[in-house]
Amino acid sequence: MPRKALVVDSDYFFVEFLGSLLEKRGYRVRKAYDGKQGIAGLEEGPFDIMFADLVMPKVSGRQFFLSARRKFNGRCCPLVALAGTVIEQMDSLDGIGADYFIAKGPMDQLAVQLNQFVTEMENRPTLPPAEKKILQTGGVFPRRDAMELLVELKFQEAVVDCLGVGIVVIDTDTRIMNANTAALDTLGKSLSEILNCPILNLFPPNRSSELLAALKHTSREPDVTHSAFMVDWNGRTLRAVVSPLRLERSPAGWVVALEGAME
C-alpha cells in the first residue's frame with residue numbers, strides 16, 4: 001500500500017514541486033493550496049507525513065498543525081513546517097506545533113535536502129523528535145523585511161485578540177477561518193475545534209435563519225456595510241453584527257462581531 005502525504009502551501013508551484021518529488025518516491029499526495037483546504041484534507045488521513053507552509057491566507061500553518069494534532073489525538077505522523085520564514089521565527093518555534101522545520105531555499109538544493117529528509121523519516125521509528133529539528137539550505141539568513149512583516153502580523157493579531165468584542169472571520173463558503181479569544185469564550189470551544197466548520201452549525205439554531213439572511217443581505221448589496229440582530233447565547237444576550245469582508249473590492253467572506261461577548 002503506497003504511503004500518503006499531505007502538502008499544504010499557498011504557492012501553487014511549490015505544491016506541485018513538492019508533490020512531484022513525493023510522487024516519484026511512491027507517495028500518494030493530497031494537495032491543498034491554503035490552510036483551510038489543508039484542514040479539509042485531514043479527513044483523508046491518516047497520513048505518513050505532512051508538510052505545510054507557516055504564512056498562508058485564511059488559516060496559518062500554526063493553526064493547521066494544531067488542528068492536525070487534535071484530529072489524530074496527538075498521534076500524528078511527522079509534521080514538517082517548510083517555509084521561507086523559518087529562520088526569522090527561530091525564537092518562537094515551540095508554539096508552532098510542527099516536529100521539523102525546513103527553510104525554503106534554491107529549488108535544486110531543496111530537492112536534494114528533501115529527498116534526504118524523507119529517506120530519514122522512512123527509516124526511523126514513528127516517534128516525535130526529542131527536540132525541534134531545523135534544516136536549512138546553504139546561504140539562508142534572516143531577512144529584515146521578512147522579520148518586519150512577521151512583527152506586523154503579530155501586532156495585528158494581538159490587536160484583534162485583545163478586543164472585548166468577539167470576532168469570527170468566515171470564508172465565502174461560510175466556514176470559519178479565525179476567531180479571537182472573546183469569541184472562543186462565547187462559543188466555549190478552542191480555535192482548532194471550529195476551524196473550517198460552517199458557522200451555521202455553531203450558531204444558536206433559533207437565530208440561524210437571521211444569520212443566513214444577514215450573510216445574504218451584506219453580500220448582495222455592495223452599499224451595505226453591516227447587518228445586526230440580537231441573539232441569546234448560553235444565557236446571555238449579544239448583538240451580532242455581520243459585515244462583508246472585501247479585498248480590493250472583491251468578496252472575501254464576512255466578519256461576525258459578537259458585541260457583549262466579554263463582561
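Is Asp9 buried or exposed? In this predicted model, Asp9 is buried, because its relative accessible area is 2% and burial means a value under 20%. The residue belongs to the loop that joins strand 1 to helix 1 (12-24).

The surroundings of Asp9 can be described through its contacts. Beyond its neighbours within four places in sequence, Asp9 is in contact with Phe14, Val15, Ala32, Tyr33, Asp34, Asp53, Met56, Leu82 and Lys104.

The buried residues of helix 3 pack against strand 1 (4-8), and against helix 2 (35-41), strand 3 (49-52), strand 4 (79-83), strand 8 (176-179) and helix 7 (191-194). Helix 3 covers residues 61-71, and its buried members are Gly61, Gln63, Phe64, Phe65, Ser67 and Ala68. An α-helix has 3.6 residues a turn, so residues three or four places apart point the same way. After helix 3 comes Asn73, which has a positive phi near 55 degrees.

The cysteines remain to be considered. A disulfide is a covalent bond between the sulfur atoms of two cysteines. The structure holds 0 disulfides. Cys162 counts as exposed because its relative accessibility is 60%, and the cut-off for exposure is over 50%. Cys197, by contrast, counts as partly exposed, because its relative accessibility is 24%.

Key: Residues are numbered from 1 along each chain as its sequence is written. This is a predicted model: local features need pLDDT of at least 70, side-chain atom pairs count only at pLDDT 80 or more; totals for chains, interfaces and linings use all residues. Side-chain values use heavy atoms; hydrogens and water are left out. Buried means under 20% relative accessible area, exposed over 50%, partly exposed in between (1.4 Å probe, protein chains only). Helices (H or I, at least four residues) and strands (E, at least two) are DSSP runs, numbered from the N terminus. Contact means heavy atoms within 4.5 Å. A disulfide is a pair of cysteine sulfur atoms within 2.5 Å.
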